[in-house]
Each structure stands twice: as C-alpha cells, then as structure tokens.
Amino acid sequence: MTRASEWDTWWVANRAAPATYVYFTYVQSSLGDMDAATVDRDWETVVAAAAEAVTSIGYCLLVLRGLEGNTYDGEVAIHLADARPGDPMAEVESTRRSLPEAVGASREQAETARAAVRRLTDLVVAELPSALPTVRASDGFFPSVRIAKDYENLRKRLGLPPLDWIQWLH
C-alpha cells in the first residue's frame, strides 16, 4: 500500500464516515422537513428548514475537512464567514446570507430557498466518497446500518478503534 492510498483510506475512515453520519442525521432530515412543508404549503417552514439544511451542509463540509466532534450553529457560521472564494464553503456562506427570513416567507421565496439548498446538497454529496441512499425522508425514517458497518470494518482493517458516532450529534 502506498502512502497516498493510506491517506485516502484514512480520510475515508476518519472524515468521510462521520461526515456521512452528519449528512444522514442533519442534512437529510432538513431536506425531509422542506419536502413535507412544501406539500403542506407551509412556506415559512420550508425556508426555516432550508436555513437548517444550509448550516448542516456547512457542518458536513467541516467534518470532511477535519472538524472532530459536535459543534454549534454559531461555530459553523464563523467557519462559513471565513471561507475563501472558490471554496465550496464560500458557496454555502453565500447561500446562507441570501436566504430570506422564514417569518412571512412567500411561496416564491420558499421555492428559491429550496432550489438553493438542492444545489448545495449536490455540492456536498459530490465531496463524499460514495453514493448515499435516502435514510431519512419526509414520509418516514429508513434506517441503514450497512454503511456504518462498512466504515467500521474499514477502521478495523486499519487498526483504528470504532468511531464514537455520538460525538457528531449537536
């Protein structure tokens, strides 16, 4: 095994695994909330869920870059504000700043926010090393332990301890 493949494997085991967990736990749940609120024509909730999704996407990107453990939304906002042009975090920050206030949001504002979040979702999914099934959706929660098991098997092969999955809850 070359040094590059060791680093890649290490990155998958130590950064992609928790980032995937953050994605399933926070991003997918926000997307589900947006979809359910859209069906209900609850435009304020669509925008509120979009704002939560943007913060969660920022959190997911931070974990991919090495952030360990949980954080609070204010810390994510600080990292987003410090993003440099060309960095995906800068696009997340731009979207965060462009979202309208949730209170009194119109259908048009909700649809614009929802489309922006979908673009960011594509951005973060492109940074993850494998395709992601839908684990959380507006019509229910569909648990999948297969991905976690695969990551744990990889960590075991690398001689790493099991992940403390709970540390990425905030």
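In this predicted model, E52, T55, G58, Y59 and L62 of helix 2 meet D73, V76, H79 and L80 of helix 3. By class, this contact of helix 2 with helix 3 is made up of four nonpolar, three polar and two charged residues. The protein as a whole holds six helices and two strands, and from the N terminus on its elements follow the order α-α-α-α-α-β-β-α. Of its 170 residues, 42% count as buried, and among contacts between residues at least 6 apart in sequence, 73% join residues at least 24 apart.

**Helix 2 and its packing against helix 3**

- Helix 2 and helix 3 pack with their axes 9 Å apart and at an angle of about 70 degrees; because angles from 65 to 115 degrees count as roughly perpendicular, the two helices are roughly perpendicular to each other.
- Helix 2 consists of 22 residues and reaches 31 Å from its first C-alpha to its last, which is close to the 32 Å expected at 1.5 Å a residue.
- Helix 2 is mostly covered, with 17 of its 22 residues buried.
- After helix 2 comes G66, a residue whose phi is positive, near 120 degrees.

**The largest nonpolar core**

- The largest nonpolar core has 45 residues, and of these Y23, I57, L61, V92 and V117 touch the most other members.
- At least two residues of this core are supplied by each of helix 1 (3-39), helix 2 (43-64), helix 3 (73-81), helix 4 (88-98), helix 5 and helix 6 (146-157).
- Helix 2 gives the largest share of this core, with 14 residues.
- When residues up to four places away in sequence are not counted, I57 touches V27, V92, V117, L120, T121 and V124.

- L120 has its place in helix 5, and its relative accessible area is 0%, so L120 is buried.
- Leaving aside neighbours within four places in sequence, L120 is in contact with V54, I57, E91, V92 and T95.
- L120 and P88 are 32 residues apart in sequence, while their C-alpha atoms are 8.7 Å apart in space.
- T121 is likewise found in helix 5, which spans residues 107-127, and T121 counts as buried because its relative accessibility is 6%, where buried means under 20%.
- The residues that T121 touches, not counting those up to four places away in sequence, are Y23, V27, L31 and I57.

**E44 in helix 2**

- E44 lies in helix 2 and has a relative accessibility of 37%, so E44 counts as partly exposed, the class between the 20% limit for buried and the 50% limit for exposed.
- With residues up to four places away in sequence not counted, E44 touches A102, V103, G104 and A105.
- The C-alpha atoms of E44 and P100 are separated by 9.6 Å, although the two residues are 56 residues apart along the chain.

**R41 in the loop between helix 1 and helix 2**

- R41 lies in the loop that runs between helix 1 and helix 2.
- The phi of R41 is near 60 degrees, which is a positive value in a residue other than glycine.
- Most residues other than glycine have a negative phi.
- R41 is exposed, because its relative accessible area is 55% and exposed means over 50%.

**P162 after helix 6**

- P162 is found in the segment after helix 6, and with a relative accessible area of 65% P162 is exposed.
- Leaving aside neighbours within four places in sequence, P162 is in contact with E152 and R155.
- The C-alpha atoms of P162 and Y151 are separated by 9.1 Å, the two residues being eleven residues apart along the chain.

Notes:
Residues numbered from 1 in each chain as written. Predicted model: local features only at pLDDT ≥ 70, side-chain atom pairs only at ≥ 80, totals over all residues. Heavy atoms only, no water. Helix = DSSP H or I, 4+ residues; strand = E, 2+ residues; numbered from the N terminus. Buried < 20%, exposed > 50% of the residue type's maximum accessible area, 1.4 Å probe, protein only. Contact = heavy atoms within 4.5 Å. Core = buried A, V, L, I, M, F, W, Y, C linked by side-chain atoms within 4.5 Å. Expected span 1.5 Å × (residues − 1). Axes fitted to C-alpha atoms, helices over the stretch in contact; angles between N-to-C directions. Parallel < 35°, antiparallel > 145°, perpendicular 65-115°, else oblique. Nonpolar A, V, L, I, M, F, W, Y, C, P; charged D, E, K, R; others polar.
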